[in-house]
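Have the sequence and the 3D view open side by side for this one. We'll walk through the pockets and then the salt bridges.

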Amino acid sequence: HIWRDINRLTRMKLPTLDDLGDKPFVFFPLHTEPEQALQALSPEFLHQHAAIVSIARDLPAGVILVVKEHMTAVGRRSENFYDQLRDFRNVVLMDPLEFGLDVVRKANALITISGTAGTEAAVLGKPVITFGRHNNYDFLPHVRVVTREEDLRGYLDEALNGGIDLEKAKLD
């Protein structure tokens with residue numbers, strides 16, 4: 001499965017961060033499954049595909065959702081997982097060799113369930129939307145915790161349209 005998915009991802013010629021140019025985007029880093037950061041820290045919500053569908057549905061026009069595979073997860077997904085993501089017009093599957101922290105730095109906001117990228121974005125003062133209720137950064141004022149799916153659209157609007165003071169977020 002690892003060999004199959006590495007070949008599939010390589011053949012797709014997935015875009016890099018440079019290929020995105022100045023397009024506004026929200027970053028969703030995929031988790032390895034099974035993983036403690038996913039199953040233990042977010043028992044209330046752990047289905048990544050459902051999260052991606054919800055985000056893609058609620059993103060404002062002109063903003064893309066960048067999804068990047070975690071290299072340790074290659075070979076663990078269903079055979080059509082990546083194809084399903086690429087079917088969404090506003091979802092871009094990024095080259096998994098792209099350095100995650102660079103993607104976090106360039107993103108307009110980060111959405112995650114739990115995990116390191118959320119911590120990195122929160123520390124950098126980026127708006128973070130998380131489906132996980134037990135992250136160690138959920139208390140920060142620029143982090144929004146999704147407890148009701150119908151709140152996601154408002155959190156995206158706030159994160160992307162100046163509803164969060166980014167200078168204060170860096171200090172926080």
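**Pockets and salt bridges**

Let's start with the second largest pocket, whose volume is about 160 Å³. Keep in mind that the model is predicted, so local features need pLDDT of at least 70 and side-chain atom pairs count only at pLDDT 80 or more, while totals for chains, interfaces and linings use all residues. Residues are numbered from 1 along each chain as its sequence is written, and side-chain values use heavy atoms, with hydrogens and water left out.

A pocket here, on a 1 Å grid over the protein atoms alone, is an open set of points where a 1.4 Å probe fits, with protein on both sides within 12 Å along at least five of seven lines; lining residues have an atom within 4 Å of a point. Its volume is the space filled by probe spheres set on the points. Around the second largest pocket you'll find I6, L9, T10, K13, L14, M71, V74, D95, P96 and L97. That lining splits into seven nonpolar, one polar and two charged residues; Ala, Val, Leu, Ile, Met, Phe, Trp, Tyr, Cys and Pro count as nonpolar, Asp, Glu, Lys and Arg as charged, and the others, Gly among them, as polar.

Now move to the largest pocket, at about 370 Å³. It has 22 lining residues, and P29, L30, H70, T116 and A117 sit nearest its centre. Two or more lining residues come from each of β1 (25-29), α6 (100-106) and α7 (116-124), with α7 giving the most, four residues. Helices (H or I, at least four residues) and strands (E, at least two) are DSSP runs, numbered from the N terminus. By class, this lining has ten nonpolar, eight polar and four charged residues.

On to the charges: the model has twelve salt bridges, each a side-chain nitrogen of Lys or Arg within 4 Å of a carboxyl oxygen of Asp or Glu. Take R153 and D58, whose closest N and O atoms are 2.9 Å apart. R153 is in helix α8 (residues 152-160) and D58 in helix α4 (residues 48-58), so this pair ties together parts that are 95 residues apart in sequence. D58 is buried at 6% relative accessible area (buried means under 20%, exposed over 50%, partly exposed in between, with a 1.4 Å probe and protein chains only), whereas R153 is partly exposed at 48%. Both belong to a salt-bridge network that links R57, D58, E149 and R153.

For another kind of pair, look at E167 and K170, which meet at 3.9 Å, N to O. Both lie in helix α9 (residues 166-171), three residues apart, about one turn of the helix, and both are exposed.
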